[in-house]
Amino acid sequence: MTRRLISSGGRYEAAAGYSRAVVQDGWVHVAGTTGADPQTGVIPDDAAEQARRAFDIIGAALAEAGTGFEDVVRVTYYLTDASDFTALMPVFAGVFGAIRPAATAVVVAGLVDPAMKIEIEVTARCPQP
């Protein structure tokens, strides 16, 4: 049972004790990811832009794990405002339209920074060698 930790280099990962992703037993578990720049912490105002940036960070973690969006089996979206969902749907479809993983969208009271409008987490199955 090999366990591999993946970091995005984000400033909070070590401080808060988490990894961007954990690869274990043929699965990749990507932590909740926001659109905040991992190095600067800058967060775009637009929810769709936050989602695009989050997917960039998630995509990099998946690639480092040896997989990609095509292997994602579950995605969870945490939104702070349900009215953003309509604007976010094309962003979600742009990544997962053909893949169609199991998905859940949840409206939450807030995220750790009030500027954050969306957080995304995914689970992917590693391709067989």
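Predicted model: local features only at pLDDT ≥ 70, side-chain atom pairs only at ≥ 80, totals over all residues.

Residues are numbered from 1 along each chain as its sequence is written, and side-chain values use heavy atoms, with hydrogens and water left out.

**Nonpolar core**

- The largest nonpolar core has 27 residues, of which Val-28, Ile-120 and Val-122 touch the most other members; such a core is a set of buried Ala, Val, Leu, Ile, Met, Phe, Trp, Tyr and Cys residues joined through side-chain atoms within 4.5 Å.
- Two or more residues of this core come from each of β2 (21-24), β3 (27-33), α2 (47-64), β4 (72-79), α3 (85-96) and β6 (118-125), and α2 gives the most, with eight residues; helices (H or I, at least four residues) and strands (E, at least two) are DSSP runs numbered from the N terminus.
- In soluble globular proteins, nonpolar side chains tend to be buried together.
- Not counting residues up to four places away in sequence, Val-28 touches Ala-21, Val-22, Val-23, Leu-62, Ala-65, Thr-67, Val-122, Thr-123, Ala-124 and Cys-126, where contact means heavy atoms within 4.5 Å.

**Thr-67 and Val-72**

- Thr-67, found in the loop between α2 and β4, counts as buried because its relative accessibility is 11%; buried means under 20% relative accessible area, exposed over 50%, and partly exposed in between (1.4 Å probe, protein chains only).
- The side chains of Thr-67 and Asp-71 are joined by a polar contact of 2.6 Å, a term for a pair of N or O atoms within 3.5 Å of which, within protein, one must be able to donate a hydrogen and the other to accept it, with residues adjacent in sequence counting only if both atoms are side-chain atoms.
- Leaving out residues up to four places away in sequence, Thr-67 touches Val-28, Leu-62, Ala-124, Arg-125 and Pro-127.
- Val-72 lies in strand β4 and is buried, with a relative accessible area of 4%.
- With residues up to four places away in sequence not counted, Val-72 touches Leu-62, Phe-96, Ile-99, Pro-101, Val-122, Thr-123 and Ala-124.

**Largest pocket**

- The largest pocket holds about 460 Å³ of space, a pocket being defined on a 1 Å grid over the protein atoms alone as an open set of points where a 1.4 Å probe fits, with protein on both sides within 12 Å along at least five of seven lines.
- Of the 22 residues that line this pocket, the closest to its centre are Tyr-12, Tyr-18, Thr-34, Ala-36 and Met-116; lining residues have an atom within 4 Å of a point.
- Two or more lining residues come from each of α1 (13-16) and β3, and β3 supplies the largest share, three residues.
- By class, the lining has 10 nonpolar, six polar and six charged residues.

- Gln-50 is found in helix α2 and is buried, with a relative accessible area of 0%.
- The side chain of Gln-50 reaches the backbone nitrogen of Lys-117 at 2.8 Å.
- Apart from neighbours within four places in sequence, Gln-50 is in contact with Thr-34, Gly-35, Ile-43, Pro-44, Asp-45, Ala-115, Met-116, Lys-117 and Ile-118.
- Ala-54 also lies in helix α2 and counts as buried, at 0% relative accessibility.
- Although 65 residues apart in sequence, Ala-54 and Glu-119 are 7.5 Å apart in space, C-alpha to C-alpha.
- Ala-54 is in contact with Thr-33, Thr-34, Gly-35 and Ile-120, leaving aside its neighbours within four places in sequence.

**Backbone geometry in two loops**

- Most residues other than glycine have a negative phi.
- Asp-25, which is not a glycine, has a positive phi of about 55°; Asp-25 is placed in the loop between β2 and β3 and counts as partly exposed, at 48% relative accessibility.
- Arg-100, a residue other than glycine, likewise has a positive phi, near 50°; Arg-100 is found in the loop between α3 and β5 (102-107) and counts as exposed, at 69% relative accessibility.
- The C-alpha atoms of Arg-100 and Val-72, 28 residues apart along the chain, are separated by 8.7 Å.

Note on methods: Points joined across faces, edges and corners; volume = space filled by probe spheres on them. Nonpolar A, V, L, I, M, F, W, Y, C, P; charged D, E, K, R; others polar.
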